[in-house]
Amino acid sequence: MGESRQREGRPELIRARRQRGLSQVAAAETVGVGQTTWARWERGEQGVRASHRAKIATAFGVDALEVERWIDGWSYGETSSWPITDYGDISVAATVRSAAMLWRYEMDASRRRLLASLPFVPSVLGEWLMSWNYGLTPRTVAQQEGKCAVDLTDVAGIDEACKAFGQIDQQFGAGLVRPVVVRYLHETVTPLLRGRYDDQVGSELMRAAAGMAWLAGWTAFDLSRHGQAQQHFGQALRLAKTGGDPLTGAWALATLTRQAIHLDQGTVAVWLARAATDTARRAQASPRVMALMLTREAWATALRTRPAETRDGHDAKQVERLLVEAENAHAQGATDRDPVWTSRYEETELNAEAGNCWRLLGDHTRAVNYAEAAVTAFSARLPRSAQLNRVHAAEAYLGMGELEQAIDVARATIPAAKALTSTRSVELIQRFADQLGPYNNSIMVREFRDHLNHALAA
C-alpha cells in the first residue's frame, strides 16, 4: 500500500468519524491516543496497531472487518467474500497482487484471525465460475521487470515443497503443517511471482503457485476454517486461470466441491462438480483426472438428490451412471498426461468416495465394504484417511440397522480423533453421534456419547 496509501489517506476512516459527529480530538480520546496520532492515521502517514483497531471497532459500534476496510482500503462487499471480490482482472499483475495480499494477511495475527472467522460464501462462487468459464486469459504471462530472475528450477522447488508439505498433512493432519505452508507462500512464492520470467516459466510458475495455494486452502478446510479455505481455493483457481492451466483449475473446483459436500450444500456442490467435469472434458484430461471429476460429481449429485430418502429411481440411475463412467475411466490406467496431483487419488480413495455415494443410494453393504477396504489400505500410511473412512463405515452400519457394530467401529475412531491435528476428523465423529438420535433411549448410545464427550474434552 505504501506510497498510494500516503497520498490518498484514509477517507473511509474520516467519513466514519464525521458520521458519528466526532472531532479528531474526541475520536482520539475514545481509543486512548493523541490527536496528532489520529490525524496521522487519517492522512495515511502512520500504521494502526491491532489493539487500536479493536478499540475503534468497539467505540464506533462496528465489527472488526469494517474497521479493516476503513484503514486498509479493501472492500469485502455484501457477500462477505473478503478479500477476493474482483475476478474481472486476470492479468498477471492483478493476480500476483491479489495472491500476495492474501498471503501477507495470513502472516498478520489480527488479519489471520479475521480470515479464520470468515464463513463459506456460496454467492461469490457464481462470479468465480463466470470468470473461469468466460474470462479471457492474458496473452502473455511473462514479466520483464522484477528483482530476481526466475527459472524452471525455482518452479521445481515449489513443486517439491508442496509434495513434502502434503505428505505431512496426510500423515498428521493440517494443524501441524499449515503455518509452514502459508509462510512459504508469503516468503518464497510471492517474491518469485514478482520476479522476471518468460512465458514458459510464467505458466509453470502460476501452476506451481496454484498448487501451493490449493494446499493452503486444503489445510484450512481440514481445520474447519471454511471461509479461509474458500479464499485460498479461489486464489488457486485464479492463478490457474491466469496461467492458462485448466487441469489445475478443475482440481480446485473439485476440491471446492468436496468442501460444499462437507458443508451439506448439495446444490452448490453440483454446480462446482459439473464445472470441474466440463473443464476436464474440454481440456481432454487423462482418464485418471476424469475418474476423480466424475466421482465427485456422483457424490455431489447423490447428496443433492438423496435417492435413498426420495426413492427417485431416475436420480439413483444418474448417480450410478456417473460411478460406472468413473470406474471405466480409472480402469484405463495411468498416462504421461496425468498431473502430479492425481497421485493423491489412488483407486482405494476413489472407491471410498464412491462408497459415500452408495450410502446415499441406500446400498449400505457396499458402502461398508468400500470404507473398510480403505481403512485396511490406509491405516499404516495415511492415518487421517483411515480415520475418516472408519467413521463412514460406522455410518453405513448404522444405515443397515447394526447399532452395536456401528458404535464399536465409531468408538475405535476416538483415540485417532484426538491424536490427529484435524478438526474435520473430530467433526465427523461428532456428526455420527448426532445421527444416533433415534436410539437415544439405548444405554449403549448414552455410554458412547459420554465416552466421546469425555475423551474430546480431556
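**Entry 1**

The model is predicted: local features need pLDDT of at least 70, side-chain atom pairs count only at pLDDT 80 or more, and totals for chains, interfaces and linings use all residues. I number residues from 1 along each chain as its sequence is written, and side-chain values use heavy atoms, with hydrogens and water left out.

I then listed the salt bridges of E325 (a side-chain nitrogen of Lys or Arg within 4 Å of a carboxyl oxygen of Asp or Glu). R281 forms one with E325, with the closest N and O atoms 2.9 Å apart. This pair links distant parts of the chain, since R281 is in helix 15 (residues 266-282) and E325 in helix 18 (residues 313-331), 44 residues apart. I take helices as DSSP runs of H or I, at least four residues, numbered from the N terminus. R281 has 43% relative accessibility and so counts as partly exposed.

R321 also forms a salt bridge with E325, at 3.6 Å between the closest N and O atoms. R321 and E325 are 4 residues apart in helix 18, so about one helical turn separates them. R321, at 46% relative accessibility, counts as partly exposed.

**Entry 2: other salt bridges**

I searched the whole structure and got 19 salt bridges. One joins E106 to R178, with the closest N and O atoms 3.0 Å apart. E106 lies in helix 7 (residues 92-106) and R178 in helix 11 (residues 174-193), so the pair ties together parts that are 72 residues apart in sequence. Are E106 and R178 buried or exposed? Both are buried.

I also noted a network in which salt bridges with shared partners join D169, D222, R344, R384 and R424.

**Entry 3: aromatic rings**

I counted 10 aromatic pairs. The rule takes rings of Phe, Tyr and Trp (its six-membered ring) with centres within 6.5 Å; planes under 30 degrees apart are stacked, over 60 edge-to-face, and the rest tilted.

F60 and W70 form a tilted pair, 5.8 Å centre to centre with 55° between the planes. F60 lies in helix 5 (residues 50-60) and W70 in helix 6 (residues 64-72), so the pair ties together parts 10 residues apart in sequence. I found F60 buried, and W70 too.

W341 and Y345 have ring centres 6.5 Å apart and planes at 75°, so I logged the pair as edge-to-face. W341 and Y345 are both buried. Ring pairs link W214, W218, F221, W251, W341 and Y345 into a cluster.

I checked for charges over rings (NZ of Lys or CZ of Arg within 6 Å of the ring centre and within 35 degrees of the ring normal). R366 lies over the face of W358, 3.9 Å from the ring centre. The charged end of K241 sits over the ring of W132, 5.8 Å from its centre.

**Entry 4: nonpolar cores**

I looked for nonpolar cores (buried Ala, Val, Leu, Ile, Met, Phe, Trp, Tyr and Cys residues joined through side-chain atoms within 4.5 Å). The largest has 95 residues, and W103, L193, M212 and M293 have the most contacts inside it. Helix 12 (residues 199-222) gives the largest share of this core, 14 residues. Apart from it lies another core of 25 residues, including L388, V391, Y397 and I414.

Which residues does M293 touch, leaving aside its neighbours within four places in sequence? M293 is in contact (heavy atoms within 4.5 Å) with A250, W251, A254, A276, T277, A280 and W341.

How values were computed
Buried < 20%, exposed > 50% of the residue type's maximum accessible area, 1.4 Å probe, protein only. Helix = DSSP H or I, 4+ residues; strand = E, 2+ residues; numbered from the N terminus.
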